Amino acid sequence: MVEIFLKTLPFFMLIGIGYAAAAMKFFSESATAALTRFVFFFALSAMLFRFSANLSFGEVFELRFIMVYLWATTFVYLIANAAALWRGLPIAEGAVEAQCAVIGNIGFLGIPMLALIMGEAAVGYIMMMLAVDLLVFGSLIVILITGSRGDGTAISALKTVGKGLVTNPMLIAITLGFTWSALQIPIPVPLNEFVSLLGAAATPGALFAIGASLASKSAERVSVAGWLSFVKLILHPVAIALAALVIWPLEPYAAAVMIASASLPTAGNIYMVAQHYGVAPQRVSATILISTAFSIVTVSLVLAWLAERTAFQ
(Lines give C-alpha, C1' and ligand atoms only; values in the text may rest on other atoms or scores of the structure.)
Protein backbone atom coordinates (compact mmCIF):
# COMPACT_ATOMS: atom_id res chain seq x y z
CA MET A 1 0.00 0.00 0.00
CA VAL A 2 2.76 2.47 0.96
CA GLU A 3 4.69 1.72 -2.23
CA ILE A 4 1.64 2.34 -4.42
CA PHE A 5 0.76 5.50 -2.48
CA LEU A 6 4.29 6.82 -3.07
CA LYS A 7 3.89 6.11 -6.79
CA THR A 8 0.60 8.01 -7.03
CA LEU A 9 1.71 10.84 -4.73
CA PRO A 10 3.75 12.75 -7.36
CA PHE A 11 0.69 12.93 -9.61
CA PHE A 12 -1.46 14.41 -6.85
CA MET A 13 1.42 16.70 -5.83
CA LEU A 14 1.31 18.16 -9.35
CA ILE A 15 -2.43 18.70 -8.92
CA GLY A 16 -1.70 20.34 -5.57
CA ILE A 17 0.87 22.71 -7.09
CA GLY A 18 -1.64 23.73 -9.73
CA TYR A 19 -4.27 24.31 -7.06
CA ALA A 20 -1.89 26.40 -4.93
CA ALA A 21 -0.76 28.48 -7.91
CA ALA A 22 -4.34 29.34 -8.82
CA ALA A 23 -5.49 29.82 -5.23
CA MET A 24 -2.68 32.34 -4.63
CA LYS A 25 -3.64 34.13 -7.87
CA PHE A 26 -0.21 33.35 -9.34
CA PHE A 27 -2.05 31.51 -12.10
CA SER A 28 -5.20 33.28 -13.32
CA GLU A 29 -8.40 31.63 -14.56
CA SER A 30 -7.59 32.76 -18.10
CA ALA A 31 -4.14 31.17 -17.81
CA THR A 32 -5.76 27.95 -16.56
CA ALA A 33 -8.16 27.97 -19.49
CA ALA A 34 -5.26 28.50 -21.93
CA LEU A 35 -3.24 25.65 -20.37
CA THR A 36 -6.28 23.36 -20.48
CA ARG A 37 -6.76 24.13 -24.18
CA PHE A 38 -3.08 23.43 -24.86
CA VAL A 39 -3.25 20.05 -23.12
CA PHE A 40 -6.64 19.11 -24.60
CA PHE A 41 -5.96 20.11 -28.20
CA PHE A 42 -2.23 19.50 -28.48
CA ALA A 43 -0.31 17.60 -25.79
CA LEU A 44 -2.87 14.92 -24.88
CA SER A 45 -3.88 14.52 -28.51
CA ALA A 46 -0.23 13.97 -29.48
CA MET A 47 0.11 11.34 -26.75
CA LEU A 48 -3.03 9.52 -27.91
CA PHE A 49 -1.94 9.66 -31.54
CA ARG A 50 1.47 8.20 -30.71
CA PHE A 51 -0.02 5.36 -28.69
CA SER A 52 -2.76 4.49 -31.21
CA ALA A 53 -0.48 4.80 -34.25
CA ASN A 54 1.80 2.16 -32.74
CA LEU A 55 -1.09 -0.22 -32.02
CA SER A 56 -3.34 -2.11 -34.39
CA PHE A 57 -7.07 -1.65 -33.96
CA GLY A 58 -7.46 -5.44 -33.80
CA GLU A 59 -5.06 -5.60 -30.85
CA VAL A 60 -6.96 -2.97 -28.90
CA PHE A 61 -10.60 -3.59 -29.79
CA GLU A 62 -12.22 -6.18 -27.51
CA LEU A 63 -16.01 -6.29 -27.71
CA ARG A 64 -16.31 -8.27 -24.46
CA PHE A 65 -14.22 -5.65 -22.62
CA ILE A 66 -16.36 -2.83 -23.99
CA MET A 67 -19.64 -4.57 -23.14
CA VAL A 68 -18.55 -5.33 -19.54
CA TYR A 69 -17.56 -1.69 -19.01
CA LEU A 70 -20.72 -0.39 -20.66
CA TRP A 71 -23.01 -2.73 -18.67
CA ALA A 72 -21.49 -1.99 -15.25
CA THR A 73 -21.24 1.75 -15.91
CA THR A 74 -24.84 1.90 -17.14
CA PHE A 75 -25.96 0.06 -14.00
CA VAL A 76 -24.34 2.69 -11.75
CA TYR A 77 -25.58 5.47 -14.04
CA LEU A 78 -29.16 4.27 -13.55
CA ILE A 79 -28.73 4.12 -9.76
CA ALA A 80 -27.49 7.71 -9.62
CA ASN A 81 -30.19 8.87 -12.01
CA ALA A 82 -32.92 7.08 -10.05
CA ALA A 83 -31.69 8.66 -6.81
CA ALA A 84 -31.93 12.10 -8.40
CA LEU A 85 -35.42 11.50 -9.76
CA TRP A 86 -36.52 10.06 -6.39
CA ARG A 87 -35.51 13.41 -4.83
CA GLY A 88 -37.84 15.12 -7.29
CA LEU A 89 -35.16 16.58 -9.55
CA PRO A 90 -35.90 17.26 -13.22
CA ILE A 91 -34.51 14.93 -15.90
CA ALA A 92 -31.74 17.36 -16.87
CA GLU A 93 -30.35 17.51 -13.32
CA GLY A 94 -30.65 13.75 -12.98
CA ALA A 95 -28.60 13.33 -16.15
CA VAL A 96 -25.90 15.65 -14.87
CA GLU A 97 -25.70 13.88 -11.50
CA ALA A 98 -25.56 10.48 -13.18
CA GLN A 99 -22.75 11.75 -15.41
CA CYS A 100 -20.80 12.87 -12.34
CA ALA A 101 -21.26 9.41 -10.82
CA VAL A 102 -19.75 7.40 -13.68
CA ILE A 103 -17.49 9.57 -15.86
CA GLY A 104 -14.01 9.70 -14.39
CA ASN A 105 -11.01 11.78 -15.33
CA ILE A 106 -9.45 9.04 -17.46
CA GLY A 107 -8.30 11.49 -20.13
CA PHE A 108 -6.33 14.07 -18.17
CA LEU A 109 -5.48 11.90 -15.13
CA GLY A 110 -6.00 8.26 -16.07
CA ILE A 111 -3.92 8.00 -19.25
CA PRO A 112 -0.73 9.65 -17.91
CA MET A 113 -0.92 8.15 -14.41
CA LEU A 114 -2.04 4.60 -15.21
CA ALA A 115 0.33 4.36 -18.19
CA LEU A 116 3.25 5.02 -15.87
CA ILE A 117 2.04 2.92 -12.94
CA MET A 118 0.43 -0.01 -14.79
CA GLY A 119 2.47 0.13 -17.99
CA GLU A 120 1.79 1.46 -21.49
CA ALA A 121 -0.26 -1.66 -22.26
CA ALA A 122 -3.01 -0.02 -20.18
CA VAL A 123 -3.47 2.78 -22.71
CA GLY A 124 -5.27 0.63 -25.29
CA TYR A 125 -7.87 -0.41 -22.72
CA ILE A 126 -8.22 3.16 -21.46
CA MET A 127 -8.84 4.39 -25.00
CA MET A 128 -11.71 1.91 -25.36
CA MET A 129 -13.31 3.22 -22.15
CA LEU A 130 -12.68 6.80 -23.19
CA ALA A 131 -14.46 6.12 -26.49
CA VAL A 132 -17.47 4.66 -24.63
CA ASP A 133 -17.58 7.66 -22.28
CA LEU A 134 -17.47 10.14 -25.15
CA LEU A 135 -19.66 8.34 -27.67
CA VAL A 136 -22.32 6.88 -25.35
CA PHE A 137 -22.53 8.92 -22.17
CA GLY A 138 -21.23 12.16 -23.69
CA SER A 139 -24.03 11.95 -26.25
CA LEU A 140 -26.63 10.82 -23.71
CA ILE A 141 -26.27 13.83 -21.40
CA VAL A 142 -26.77 16.28 -24.29
CA ILE A 143 -29.80 14.35 -25.58
CA LEU A 144 -31.42 14.16 -22.13
CA ILE A 145 -30.86 17.83 -21.32
CA THR A 146 -32.03 19.19 -24.65
CA GLY A 147 -34.84 16.64 -24.93
CA SER A 148 -36.23 17.37 -21.47
CA ARG A 149 -36.28 21.08 -22.19
CA GLY A 150 -37.72 20.81 -25.66
CA ASP A 151 -34.80 22.88 -26.95
CA GLY A 152 -35.39 22.27 -30.63
CA THR A 153 -36.06 19.04 -32.49
CA ALA A 154 -34.42 15.65 -32.11
CA ILE A 155 -32.48 16.38 -35.29
CA SER A 156 -30.98 19.55 -33.80
CA ALA A 157 -29.98 17.63 -30.68
CA LEU A 158 -28.30 14.96 -32.80
CA LYS A 159 -26.51 17.68 -34.76
CA THR A 160 -25.17 19.11 -31.50
CA VAL A 161 -23.99 15.68 -30.41
CA GLY A 162 -22.44 14.95 -33.80
CA LYS A 163 -20.61 18.27 -33.92
CA GLY A 164 -19.23 17.67 -30.44
CA LEU A 165 -17.94 14.24 -31.40
CA VAL A 166 -16.33 15.10 -34.73
CA THR A 167 -14.56 18.14 -33.22
CA ASN A 168 -13.31 16.33 -30.09
CA PRO A 169 -9.49 16.31 -30.40
CA MET A 170 -9.09 13.11 -28.39
CA LEU A 171 -11.40 11.15 -30.69
CA ILE A 172 -9.73 12.71 -33.73
CA ALA A 173 -6.27 11.77 -32.45
CA ILE A 174 -7.30 8.17 -31.70
CA THR A 175 -9.00 7.81 -35.12
CA LEU A 176 -6.02 9.26 -36.98
CA GLY A 177 -3.63 7.05 -35.03
CA PHE A 178 -5.53 3.85 -35.77
CA THR A 179 -5.93 4.86 -39.41
CA TRP A 180 -2.18 5.41 -39.67
CA SER A 181 -1.62 2.03 -38.02
CA ALA A 182 -4.12 0.28 -40.32
CA LEU A 183 -2.39 1.69 -43.41
CA GLN A 184 0.89 0.29 -42.02
CA ILE A 185 2.74 3.48 -42.83
CA PRO A 186 6.01 3.83 -40.90
CA ILE A 187 6.04 6.94 -38.76
CA PRO A 188 8.85 9.22 -39.97
CA VAL A 189 11.48 9.80 -37.28
CA PRO A 190 10.93 13.60 -37.11
CA LEU A 191 7.15 13.10 -36.72
CA ASN A 192 7.61 10.42 -34.08
CA GLU A 193 10.01 12.62 -32.12
CA PHE A 194 7.64 15.57 -32.52
CA VAL A 195 4.59 13.75 -31.09
CA SER A 196 6.75 12.19 -28.36
CA LEU A 197 8.07 15.60 -27.32
CA LEU A 198 4.65 17.26 -27.46
CA GLY A 199 2.95 14.31 -25.78
CA ALA A 200 5.45 14.42 -22.93
CA ALA A 201 3.90 17.74 -21.89
CA ALA A 202 0.52 16.06 -21.39
CA THR A 203 1.23 14.55 -17.97
CA PRO A 204 2.54 17.61 -16.08
CA GLY A 205 0.34 20.00 -18.04
CA ALA A 206 -2.87 18.03 -17.49
CA LEU A 207 -2.27 17.50 -13.78
CA PHE A 208 -1.34 21.14 -13.20
CA ALA A 209 -4.44 22.22 -15.14
CA ILE A 210 -6.66 19.93 -13.03
CA GLY A 211 -5.35 21.49 -9.83
CA ALA A 212 -5.61 25.05 -11.13
CA SER A 213 -9.19 24.49 -12.26
CA LEU A 214 -10.14 23.07 -8.84
CA ALA A 215 -9.16 26.36 -7.19
CA SER A 216 -12.13 28.04 -8.87
CA LYS A 217 -14.56 25.33 -7.78
CA SER A 218 -16.85 25.78 -4.79
CA ALA A 219 -17.98 23.23 -2.21
CA GLU A 220 -21.67 24.13 -2.23
CA ARG A 221 -24.29 21.37 -1.90
CA VAL A 222 -21.75 19.27 -0.01
CA SER A 223 -24.23 16.54 0.94
CA VAL A 224 -25.19 15.82 -2.68
CA ALA A 225 -21.60 16.18 -3.86
CA GLY A 226 -20.55 13.76 -1.13
CA TRP A 227 -23.09 11.21 -2.32
CA LEU A 228 -21.99 11.55 -5.95
CA SER A 229 -18.33 11.30 -4.93
CA PHE A 230 -19.12 8.11 -3.00
CA VAL A 231 -20.83 6.64 -6.05
CA LYS A 232 -17.91 7.58 -8.31
CA LEU A 233 -15.04 6.55 -6.03
CA ILE A 234 -16.61 3.48 -4.39
CA LEU A 235 -19.76 2.20 -6.07
CA HIS A 236 -18.54 2.54 -9.66
CA PRO A 237 -15.27 0.58 -9.18
CA VAL A 238 -17.12 -2.03 -7.07
CA ALA A 239 -19.69 -2.55 -9.84
CA ILE A 240 -16.91 -2.75 -12.42
CA ALA A 241 -15.01 -5.25 -10.26
CA LEU A 242 -18.06 -7.48 -9.86
CA ALA A 243 -18.73 -7.39 -13.60
CA ALA A 244 -15.11 -7.86 -14.73
CA LEU A 245 -14.04 -10.42 -12.12
CA VAL A 246 -17.20 -12.36 -11.24
CA ILE A 247 -20.11 -11.99 -13.65
CA TRP A 248 -18.18 -11.86 -16.96
CA PRO A 249 -14.56 -12.51 -15.99
CA LEU A 250 -11.95 -10.73 -18.10
CA GLU A 251 -8.24 -11.36 -18.40
CA PRO A 252 -6.75 -10.19 -15.05
CA TYR A 253 -4.69 -7.28 -16.40
CA ALA A 254 -7.58 -5.96 -18.53
CA ALA A 255 -9.91 -6.17 -15.52
CA ALA A 256 -7.34 -4.36 -13.36
CA VAL A 257 -7.07 -1.47 -15.83
CA MET A 258 -10.86 -1.19 -16.01
CA ILE A 259 -11.25 -1.16 -12.21
CA ALA A 260 -8.42 1.35 -11.75
CA SER A 261 -9.96 3.65 -14.37
CA ALA A 262 -13.37 3.41 -12.69
CA SER A 263 -11.82 4.48 -9.37
CA LEU A 264 -10.72 7.87 -10.74
CA PRO A 265 -12.49 11.07 -9.63
CA THR A 266 -15.20 12.87 -11.57
CA ALA A 267 -14.07 14.37 -14.87
CA GLY A 268 -13.71 18.11 -15.15
CA ASN A 269 -15.35 18.37 -18.57
CA ILE A 270 -18.75 17.64 -16.97
CA TYR A 271 -18.56 21.08 -15.38
CA MET A 272 -18.21 22.68 -18.82
CA VAL A 273 -21.32 20.85 -20.03
CA ALA A 274 -23.27 21.77 -16.87
CA GLN A 275 -22.22 25.40 -17.12
CA HIS A 276 -23.02 25.58 -20.84
CA TYR A 277 -26.58 24.33 -20.32
CA GLY A 278 -27.05 26.01 -16.92
CA VAL A 279 -27.76 22.72 -15.11
CA ALA A 280 -26.40 22.51 -11.53
CA PRO A 281 -22.85 23.74 -12.28
CA GLN A 282 -22.11 24.42 -8.58
CA ARG A 283 -23.14 20.88 -7.66
CA VAL A 284 -20.87 19.51 -10.34
CA SER A 285 -17.92 21.68 -9.28
CA ALA A 286 -18.33 20.56 -5.67
CA THR A 287 -18.38 16.91 -6.77
CA ILE A 288 -15.21 17.36 -8.82
CA LEU A 289 -13.48 19.06 -5.87
CA ILE A 290 -14.54 16.51 -3.24
CA SER A 291 -14.00 13.40 -5.38
CA THR A 292 -10.53 14.58 -6.43
CA ALA A 293 -9.53 15.29 -2.81
CA PHE A 294 -10.66 11.89 -1.53
CA SER A 295 -9.25 10.05 -4.55
CA ILE A 296 -5.74 10.65 -3.21
CA VAL A 297 -6.52 7.88 -0.73
CA THR A 298 -9.11 5.78 -2.56
CA VAL A 299 -7.17 5.47 -5.83
CA SER A 300 -4.06 4.36 -3.91
CA LEU A 301 -6.10 1.74 -2.06
CA VAL A 302 -7.61 0.41 -5.29
CA LEU A 303 -4.22 0.28 -7.04
CA ALA A 304 -2.62 -1.45 -4.05
CA TRP A 305 -5.36 -4.09 -4.06
CA LEU A 306 -5.02 -4.58 -7.81
CA ALA A 307 -1.23 -4.82 -7.58
CA GLU A 308 -1.56 -7.78 -5.24
CA ARG A 309 -3.79 -9.55 -7.78
CA THR A 310 -1.99 -8.75 -11.03
CA ALA A 311 1.54 -7.70 -10.06
CA PHE A 312 1.58 -4.89 -12.63
CA GLN A 313 3.99 -2.71 -10.65
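This is a predicted model: local features need pLDDT of at least 70, side-chain atom pairs count only at pLDDT 80 or more; totals for chains, interfaces and linings use all residues.
Local features need pLDDT of at least 70, side-chain atom pairs count only at pLDDT 80 or more, and totals for chains, interfaces and linings use all residues. Residues are numbered from 1 along each chain as its sequence is written, and side-chain values use heavy atoms, leaving out hydrogens and water.

**Overall build**

The protein chain has 15 helices and zero strands. Both are DSSP runs numbered from the N terminus (helices H or I, at least four residues; strands E, at least two). The C-alpha trace spans about 55 × 50 × 50 Å along its principal axes. Of the 313 residues, 52% are buried. Buried means under 20% relative accessible area, exposed over 50%, and partly exposed in between (1.4 Å probe, protein chains only).

**Nonpolar patch**

Trp-71, Phe-75, Phe-230, Ile-234, Val-238, Leu-242, Val-246, Ile-247 and Trp-248 form a nonpolar surface patch. Together they have about 830 Å² of accessible area (Shrake-Rupley method, 1.4 Å probe). Patch residues have over 30% relative accessible area and no salt bridge, and nonpolar side chains are joined within 5 Å. A salt bridge puts a side-chain nitrogen of Lys or Arg within 4 Å of a carboxyl oxygen of Asp or Glu. Helix α12 gives the largest share, six residues.

**Two residues**

Ala-254 touches Phe-65 and Tyr-125, leaving aside residues up to four places away in sequence. Contact means heavy atoms within 4.5 Å.

Conventions
Patches are made of residues with over 30% relative accessible area and no salt bridge: like charges are joined within 9 Å, nonpolar side chains (Val, Leu, Ile, Met, Phe, Trp, Tyr) within 5 Å.
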